[in-house]
Amino acid sequence: MQYRQIAVIGGKGPGPGQFAASLRGIAVDAAGSVYAANDSQITLFEAGGRLRRRWSTSQPVHSVAVAGDGAVYAGQIGQIEIFDGGGKLLRTWRDEALLGRVTAIGFFAGDVLAGDAVGRAIRRFDSGGKFRNNIGRDNPLNGLLIPNGMVDFGVDAHGVVHAANPGKHRVERYTPAGELLGHIGHFHGTNPAGFGGCCNPTNVAVRDRIYVTEKAGPRAKVYSFSGELEAVVAADVFDANCKNMSVAVDRGGRVYVADTVKLAIFVFEPVAI
Amino acid sequence: MMWGRLAACCGLVGRPLTAILAVLVLSTSLPAQTIPYQRPVDTAPQEKTIGGGYQTPPVQKPLPRSSWLQLLDVAVLAAAMGISSWLVLKRRSRKALVALAIGSVAYFGFYREGCICPIGSIQNVAVALTDPRYSIPMVVTATFFLPLVMAIFFGRAFCGGVCALGAMQELVLLKPVQVPRRLDRALGLLKYAYLGLVLFFALKPAAARDFVICRFDPFVGFFRRTGAPHMLLIGGAFLLAGMFIGRPYCRYLCPYGGLLAWCTRLARRGVTITPDKELDCGLCADACPYGAIENMRAVRRNCLYCARCYAACPRDGELARAKAQLVQLP
Amino acid sequence: MTEHFTRRDLFHKAARGTVLATLGGGAGFLVKKAHGQVVWQVDASRCLNSRLGEVGVPACNLCTTECVVSLSAVRAVNEHSRCGRCNICPAYFNITSAVDERGLPSEKLCPRDAITRRPIGKADPEDPANNFYEYLIDEEKCDGCGKCVIQCKEPLGLGSIVLRIRYNRCVDCNRCAISRACPKGALVQVPVERAVS
C-alpha cells in the first residue's frame, strides 16, 4: 500500500488558521472534520482544511478527542475540559492525581479513557467521570515506559486498547479492564519494519489497522493487527526534529499527522497501487 | 660600548611604548555565560518511578586545584628565590645551585607542568591593567611581581635555578661557547621586541586575544609530556642549541628577562667582583657563559645566577675553599 | 667603591623607591580588582554535539583533539536525573548495527568502551525490555569524542549526556586551545563557583 500527501492544514504563524507555538494533539470526527489541540486553543477545520472555528481553553492543551455525541474533550494538566461542538464549555473533570498530564483521550462503550503521562497509565472513567481502573500501569511490571513524556493509545472497534510503549519498542494490546493481551512490534535499527532509535513508536491511532508515528528519523507507518508492516506513510516530509507527532485516521483511511516543529497537519491518502 | 648604550636606550623606550600600546587598545572580554541546558518538559523517569530502592547516582563535579595549593606554589616560588640568592651570593656554591635547578624543573616543570609562570603572567597582568572586565586572581599577581621585587634588590635570582625554563637550559649546558660581545648585546634586544609582540597580541579585544608566550613556550611540551609537533621541535631546538650556547631563550627571547634586567639595574646586591680582591686572572670571565662579566666587572643585568664564576675563582667559592684546605701547611 | 653617599647612590635609591612604588601600586590595583578563579566550560546550548536543531551531522571531536592535555580534559557526562534509562540507548549501542538474538543491537557505540549498562529498579527477568537501565560513563576511559553526546541529543535521545570540562584534569589555559578551534564558540569562561555548582 502507498500513500500520497493531499493536504497541509495549519502551519506556524499568527494567522487565523495557524498555530503559534505548539501542536500537541489532533483528532478526526465521523464527518471528517479535523480538531487540533494547539497552544491553549482547540482549532476546528473542515474536511477540506478550511478553518471553521477556534476557541480558547483555560490551560495549554495536550490532547483532543471527539466523542460519539460530538463532545470535544481537551486533555490538559490536571484536568479534562469538555466542550460542545460549538466551543461552549460543558464541564471540567479535575483530578490532579489521576490526570497529571492528559496526552491522549479515547472512548469505548460510554467509557472515557485518558492517558496520563505523569502517572504513566491510561485511566478509565465512566461517562460521568468516575474512575474505574488503570490500564498499562504495572502490567507488566514497569508498565508504560515513556521517556518522551507522552502516553498515546487508540481504541479499536472491539474495545481493545492499543497503547504505544516506546521504551519497549512495542504497541501493546489491553482489554478495557486493563488485562495485557499481547503486543506487536520490535526494535530494529535499520529495517523499517521495526521501531528504531531509543523510544519508538511515540504515537498510535487505530481504526482497522494500527497507525504509528516515530521520532528521530520521523515517519508514519501502518501495521496490520498481526504486526506486519503494511506501509510507510511518509518520512521525509516531516521536520527532522519532530517528536511526539500526534496521528489520527478518518473513515476513508486518510492519515493525519501533526508535525510538531512545522506546526502543520499533513494529510495522506491511501493510493491503490 | 655603543651597543651597550643602544641597549640601554631601547630599555628606556620600552616602558613608555608599552604604555602607549596599552592606552591605544580598546578591549572587550568574553561574556561570562550561564550554562543551563533547558528542555521544555523534563520527562525522564525519576527514582520513584524506577522503584526497587534505586538511588540516582550524583553527577560528579570535580573541583580544580585547591587555592591552598596555589598559595603553596607562590610560597615555594618565594622560598626558591630566597634560596637561590643565598646559594649564589652567600654560599657561592654551584653544586647546590644545580640541585636547586633540578628541584625547580621537577616542581615548577614536571609537577606544575610549567603553569602558571611569571613569564606568561606578563600577558595576564597587561590585560588586567587595561581591560576593565578582566581581572586575575591574587596568585597570578604575586607570581608576576615577586621575581621583579626580588630583582630590584638582588638581581635575577629568579633566573638562577628557579625558573623552570631557565633551569632546563642550565642543566643541558655542556660545552659553553662564548658569544661575541657585540652579537650578544644585539641579540639581547630581541627580548624587547618579543615583549612588544607579546603585549600587542595580549592587548587585543577579548575574542582576538592571543597569549603567544603560552602558545610558543619551548619547553611546556616536555613538561606536559605531550604537545603539538611544532612545540616539541622548537623545544628540542632550544635544548640542542642550549648545549653549546648558554641559555639562548633566557638571554635573547625571554620577555620577562627583559623586565628583570631592567629591575636589576637598581639592585644593590648581586654578583660582585671586588677589585681589591681579584687576581686579574680572568678565570671568572671565561667561566661565565652568559656574557655577564665585562672588563673584570659583573654586568648584573645579564647575570643569570649560575655561580660558575665563583666555582672558577681561585679566591672565592668552593674551589677557593678547597684550595684553602690544601695550603694549610704547618 | 668609596663609602661616600654619592649622587649616583641617591639616584639609585630614588629610582628603586619609585619603581617599588609603581610596582606596589600596580599590584594593589590588581589585587583590589581580583576575583576568584575563572574556568573554561562547554556551553551545551552552543556545542554542536548537544545543541538542539543540528541533525545529520557527524560528532564533533575537536574537544578531544585540541586539548593540550594528553588525554583531553573534556568528558561526556551523563546527567542521570535527565536520562531516560532506556532499554535501547542510542548512545550506548550503535543502533544501526545488526540486531542480535536478544533483540538488542550487536555493537556498542563508544570506541573506548567507556559506558557501562546495568538494569536497575524492579527488574523483570523474563522480559529485558521491561526494565530501566542505568548508563555510567567511566571518566578514565572517556576522551570526550562526542559520539555518545550527539546520539543522546534530542530528538533521538533526551539530551542527558553533555560534554563537560573536568577541572581535576584541565590546566586552565589563558586561552583554551579548544576554544580557538570550536566552530560554535561553545567554550566560555565562568567563575569556578558557578561551574561546579
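## Contact between chains C and B

Two residues are counted as being in contact if their C-beta atoms, placed from the backbone, lie within 7 Å. In this predicted model, the contact involves 54 residues from chain C and 46 residues from chain B.

On the side of chain C that touches chain B, two or more residues come from each of these elements of chain C: α1 (7–33), β1 (38–42) and β6 (187–191). The greatest contribution to that side is made by α1(C), with 11 residues. Sorted by class, the side of chain C that touches chain B comprises 26 nonpolar, 17 polar and 11 charged residues.

## A strand pair in chain A

In chain A, strand β10 covers residues 102–108 and is mostly covered, with five of its seven residues buried. Its partner considered here is strand β11 (residues 111–116) of chain A, and β10(A) and β11(A) pair in the antiparallel sense over six bridges. Within this pairing, Ile105(A) has Ala114(A) in β11(A) as its bridge partner.

The two strands form a hairpin with two residues between them. In this hairpin, Ala109(A) adopts a positive phi near 50°.

## Confidence of the prediction

For the model, the scores are ipTM 0.87 and pTM 0.85. Chain C has an average pLDDT of 90, and 98% of the residues score at least 70.

Note on methods:
Residues are numbered from 1 along each chain as its sequence is written. Chains are lettered from A and ligands numbered from 1 in the order in which they are written. This is a predicted model: local features need pLDDT of at least 70, side-chain atom pairs count only at pLDDT 80 or more; totals for chains, interfaces and linings use all residues. Helices (H or I, at least four residues) and strands (E, at least two) are DSSP runs, numbered from the N terminus. Ala, Val, Leu, Ile, Met, Phe, Trp, Tyr, Cys and Pro count as nonpolar, Asp, Glu, Lys and Arg as charged, and the others, Gly among them, as polar. A residue is buried if 20 or more other C-beta atoms lie within 10 Å of its own, exposed if 12 or fewer, and partly exposed in between; C-beta atoms are placed from the backbone. Two strands pair if DSSP finds at least two bridges between them. pLDDT is the predictor's confidence in each residue, from 0 to 100.
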